[in-house]
Amino acid sequence: MDDDWDAIDSLATQPVRRDPRPPRPAPEPVVPDWPPPGGSGAVRPAGPDLCVWCSGRVVDGYCERCGFLQPTGRDHVEVRARAAVGVSDRGLRHRRNEDAMAIRVVPDDSPHAAGVVCAVVCDGVSSSPRSDEASRITAETGATVLAEQVRRGVDAREATGVAMTRAAEAVAAIADSPSSAPACTFVSAVVDPAAGTVTIGWVGDSRAYWLSGGPSSSGSALLTRDDSWSEAMVQMGALSREEAMRSANAHALIAWMGADSGEIDAHISTVTPTGPGTVLLCSDGLWNYYPEAQALTEAVPGAGTRPLDAARTYVRLALEGGGKDNITVVVIPVPTGGSRAEQG
């Protein structure tokens, strides 16, 4: 990794402010083991409010008779934009896909930020209610506001702060109460091909990476720092990274988006990588298996030259590794990059 990238670890944070509410764990719905007993398949229900498994009445996504969660249509999703692609998969262990992604590209004829790519990945917090709804609303709100802000000529860092504030407000608004608050992580990217800059914003442990496109490019690097118990222990010097990741608390979040998060820090960083490469946004369903930037680069060489194949391959590799979590990957090719590496 180039020494120029080391400064990324010293990140200033920007508070997202709203009425603080004390965090309280939300009860996780009691759901029977999956799949339904006897290997039965889905049936055609007589109406939209009836269970696809037994035709019982569905309330809040669950059947009152058999208790099973209803399919959401999000088990496997692919998003293809002109300058970026994303793939999201339920994985092999979860009953539903609680990840979400959104991509927006500013039109080439826009007076400001022509061709700029805005993307967001969110990972629903499984212990919170309606976590799939939380991630979807947060991702869609974040990407839409990001693209609209930069299209109007707003600086990418300021646009990222506005988008994160709006996304946080949107997910907080769907909570039934402070003790029943949908929640998710957030990571975004604004990739400006003209300036060669990459602006990243995040809360939680979804990640952004720069994947080097060759020897003339900036070295592959992790662009975010997890808001997690394990990362806090490492930064405090209390545990080595290996010890922290072996802990049962390794993936416990210390910051997230939701009505129960109180005041959160919206981390924002801008870098200008040299040469061609790829910006990769992902949930922990991928980085659990490939935590290091160089390992991601070597797993799919030249990801930016064939982004759809690359995104599908990353998801496949995570499934082959065990698929213990939902997996979401957004691949944004950066054809040339800037003339230097810097932190904004």
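Me: Where does Ser220 lie?
Reply: Happy to start there. In this predicted model, the side chain of Ser220 reaches the backbone nitrogen of Ser212 at 2.9 Å. As for its place in the chain, Ser220 belongs to the loop between β11 (207-212) and β12 (221-222).

Me: Is Ser220 buried or exposed?
Reply: Buried means under 20% relative accessible area. Ser220 has a relative accessible area of 5%, so Ser220 is buried.

Me: With which side chain does that of Ser220 make a polar contact of 2.7 Å?
Reply: Two polar contacts of Ser220 are worth a look. One goes from its side chain to a backbone atom, the nitrogen of Ser212, at 2.9 Å. The other, at 2.7 Å, joins the side chain of Ser220 to that of Thr297.

Me: Which residues does Ala299 touch, leaving out those up to four places away in sequence?
Reply: Ala299 is part of helix α6 (residues 293-299). At 25% relative accessibility, Ala299 counts as partly exposed. Its contacts beyond the sequence neighbours are Tyr290, Tyr314 and Leu317.

Me: How far apart are the C-alpha atoms of Ala299 and Leu317?
Reply: Leu317 is one of the residues that Ala299 touches. Along the chain the two are 18 residues apart, and their C-alpha atoms are separated by 8.6 Å.

Me: What span should helix α7 have, and what separates its end C-alpha atoms?
Reply: Helix α7 covers residues 307-320, which makes 14 residues. The expected span is 1.5 Å times one less than the number of residues. That gives 20 Å for α7, and the end C-alpha atoms agree with it, being 20 Å apart.

Me: Which residues of α7 are buried?
Reply: Good one to check against the structure above. Tyr314 and Leu317, both touched by Ala299, are among the buried residues of α7.

Me: Which residue just after α7 takes a positive phi?
Reply: Helix α7 is made of residues 307-320. Just after α7, a phi of about 140° is found at Gly322.

Me: Why is strand β9 described as largely enclosed by the rest of the structure?
Reply: Strand β9 runs over residues 186-192, seven residues in total. It is largely enclosed because the number of its residues that are buried is six.

Me: How many bridges join β9 to β7, and how many pair β9 with β10?
Reply: Strand β7 (residues 117-123) runs antiparallel to β9, and Val120 has Ser188 as its bridge partner in β9. Strand β10 (residues 197-203) also pairs with β9 in the antiparallel sense, with Val191 standing opposite Val198. The counts are five bridges for β7 and β9, and seven for β9 and β10.

Me: Which residue takes a positive phi in the hairpin of β9 and β10?
Reply: This hairpin has four residues between its strands. The positive phi, near 75°, is that of Gly196.

Me: How many salt bridges does the whole structure have, and which residues form a network of them?
Reply: A search of the whole structure gives 15 salt bridges. The residues linked in a network are Glu78, Arg80 and Arg312.

Me: What N to O distance is found for Arg82 and Asp108, and how many residues separate the pair?
Reply: Their side chains meet in a salt bridge of 3.5 Å, N to O. This pair links distant parts of the chain, with Arg82 in the loop between β4 and β5 and Asp108 in the loop between β6 and β7. Arg82 is exposed at 58% relative accessibility, and Asp108 is exposed at 53%. So to the values: 3.5 Å from N to O, and 26 residues apart.

Me: What separates Glu148 and Arg151 in helix α1?
Reply: Their side chains meet in a salt bridge of 2.6 Å, N to O. Glu148 is partly exposed at 27%, and Arg151 is partly exposed at 35%. Because they are three residues apart in α1 (residues 131-151), the separation is about one helical turn.

Definitions and conventions:
Residues numbered from 1 in each chain as written. Predicted model: local features only at pLDDT ≥ 70, side-chain atom pairs only at ≥ 80, totals over all residues. Heavy atoms only, no water. Helix = DSSP H or I, 4+ residues; strand = E, 2+ residues; numbered from the N terminus. Buried < 20%, exposed > 50% of the residue type's maximum accessible area, 1.4 Å probe, protein only. Pairing = 2+ DSSP bridges. Contact = heavy atoms within 4.5 Å. Salt bridge = Lys/Arg side-chain N within 4 Å of Asp/Glu carboxyl O. Polar contact = N/O pair within 3.5 Å; in protein donor to acceptor, adjacent residues only side chain to side chain.
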